[in-house]
Amino acid sequence: MKLRPAFIITTLGLLLSAANALASPGHKKDSIGQPGDSQAVDRTIEVRMGDIFFEPKAMEIKAGETVRFVLLNEGALLHEFNLGKAASHAAHQKEMAAMFQNGTLSPTAAHDMSKMDHAMGGMKMVGMEHDDPNSVLVEPGAREELIWTFSDATDLEFACNVPGHYQSGMVGKVTVR
């Protein structure tokens, strides 16, 4: 099989873009906290998501608090619940766009790419998994959970970084005091 130069350049560009996004400073988990222990949950917050909204739109959390987020996708599209600062969402949006382009994600589902051969001309597709601990994908009609312990007092966002969703207003505020 002979690959066209434009295809090769596009593929290399996508791979480099994803690698840069993974290495970007916005991908750090500075002062947003860490995964929480399910045995130490202080409270549960139910978050409804749909096409294209979050409910509630804002939440207040105490520094040191461990929260179980119960995420209900009532929409017809795949959505994400991602905790972070605005810069980390901008970096993650690039990763998500690359995952849509390579087929890891589709408008309604996440696909298990670990069972597929990613080899392309001897190159492996690296970093094309949605596995950040501060983020969860929720397929239409599904219920997922994320348990998070918030460390420092700070202002964060929860957002859906599926291409176009954040820009359409699918973002909310988290105030940690």
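Colleague: Thanks! Of the contacts in the protein chain with a separation of 6 or more, what share do residues 24 or more positions apart account for?

Modeller: They account for 74% of those contacts. Do keep in mind that this is a predicted model.

Colleague: Noted. How many helices and strands are there in the protein chain?

Modeller: Two helices and 12 strands. Reading from the N terminus, the order is α-β-β-β-β-β-β-α-β-β-β-β-β-β.

Colleague: And what percentage of the residues is buried?

Modeller: Of the 177 residues in the protein chain, 42% are buried. The accessible surface is about 9,300 Å², and carbon and sulfur atoms hold 55% of that.

Colleague: On to the sheets. What is the strand order in the one with E1?

Modeller: That open sheet has five strands, ordered E1-E10-E5-E2-E3, and its pairing is mixed. Its edge strands, E1 (34-35) and E3 (53-55), each pair on one side only.

Colleague: In which sense do E2 and E5 pair?

Modeller: Parallel, over seven bridges, with E2 covering residues 43-50 and E5 covering residues 66-73. As one example of who faces whom, Met 49 is opposite Asn 73 in E5.

Colleague: What about E10, which residue would you show me there?

Modeller: I'd pick Thr 149, which is in strand E10 (residues 143-149).

Colleague: Why does Thr 149 count as buried?

Modeller: Because its relative accessibility is 13%, and the cut-off for buried is under 20%.

Colleague: Which side chain does Thr 149 make a polar contact with?

Modeller: With the side chain of Thr 66, at 2.7 Å. Leaving aside residues up to four places away in sequence, Thr 149 also touches others, including Ile 32, Gly 33, Gln 34, Pro 35 and Gly 64.

Colleague: Switching topic: where are the cis peptide bonds you flagged?

Modeller: One is between Asp 51 and Ile 52, with omega about 10°. Ile 52 is in the loop between E2 and E3. Another runs from Glu 55 to Pro 56, again with omega near 10°. Pro 56 belongs to the loop between E3 and strand E4 (58-61).

Colleague: E4, then. Which strands form the sheet with E4?

Modeller: The order is E4-E12-E11-E6-E9, giving an open sheet of five strands with mixed pairing. E4 and E9 are the edge strands, each pairing on one side only. On average, neighbouring strands in this sheet are turned by 15° against each other, ignoring direction.

Colleague: What packs on that sheet?

Modeller: Helix H2 (residues 86-102) does, touching strand E6 (79-84), E9 and E11. The direction of H2 makes about 145° with that of E6.

Colleague: What is the span of H2 from its first C-alpha to its last?

Modeller: It reaches 25 Å over 17 residues, close to the 24 Å expected at 1.5 Å a residue.

Colleague: Which residues of H2 are buried?

Modeller: Among them are Ser 88, His 89, Ala 91, His 92, Glu 95, Met 96 and Met 99.

Colleague: And E11, is it mostly covered or mostly open?

Modeller: Mostly covered, with five of its six residues buried.

Colleague: How many bridges join E11 to E12?

Modeller: Six, and the two strands run antiparallel, with E11 at residues 154-159 and E12 at residues 171-176. Thr 154 has Val 176 in E12 as its bridge partner, and Leu 156 has Val 174 in E12.

Colleague: In which sense does E11 pair with E6?

Modeller: Antiparallel, over three bridges. There, Asn 82 stands opposite Ala 159 in E11.

Colleague: Last one: where is Asn 134?

Modeller: Asn 134 is in the loop between strand E8 (109-110) and strand E9 (135-138). It counts as buried because its relative accessibility is 4%.

Colleague: Which backbone oxygen does the side chain of Asn 134 reach?

Modeller: That of Leu 83, at 2.5 Å.

Note on methods
Residues are numbered from 1 along each chain as its sequence is written. This is a predicted model: local features need pLDDT of at least 70, side-chain atom pairs count only at pLDDT 80 or more; totals for chains, interfaces and linings use all residues. Side-chain values use heavy atoms; hydrogens and water are left out. Two strands pair if DSSP finds at least two bridges between them. Helices (H or I, at least four residues) and strands (E, at least two) are DSSP runs, numbered from the N terminus. Buried means under 20% relative accessible area, exposed over 50%, partly exposed in between (1.4 Å probe, protein chains only). A polar contact is a pair of N or O atoms within 3.5 Å; within protein, one must be able to donate a hydrogen and the other to accept it, and residues adjacent in sequence count only if both atoms are side-chain atoms. Axes are lines fitted to C-alpha atoms, for helices over the stretch in contact, and angles run from 0 to 180 degrees between N-to-C directions. Contact means heavy atoms within 4.5 Å. Accessible areas come from the Shrake-Rupley method with a 1.4 Å probe; for residues, only the protein chains shown count as cover. The expected span of a helix is 1.5 Å times one less than its number of residues.
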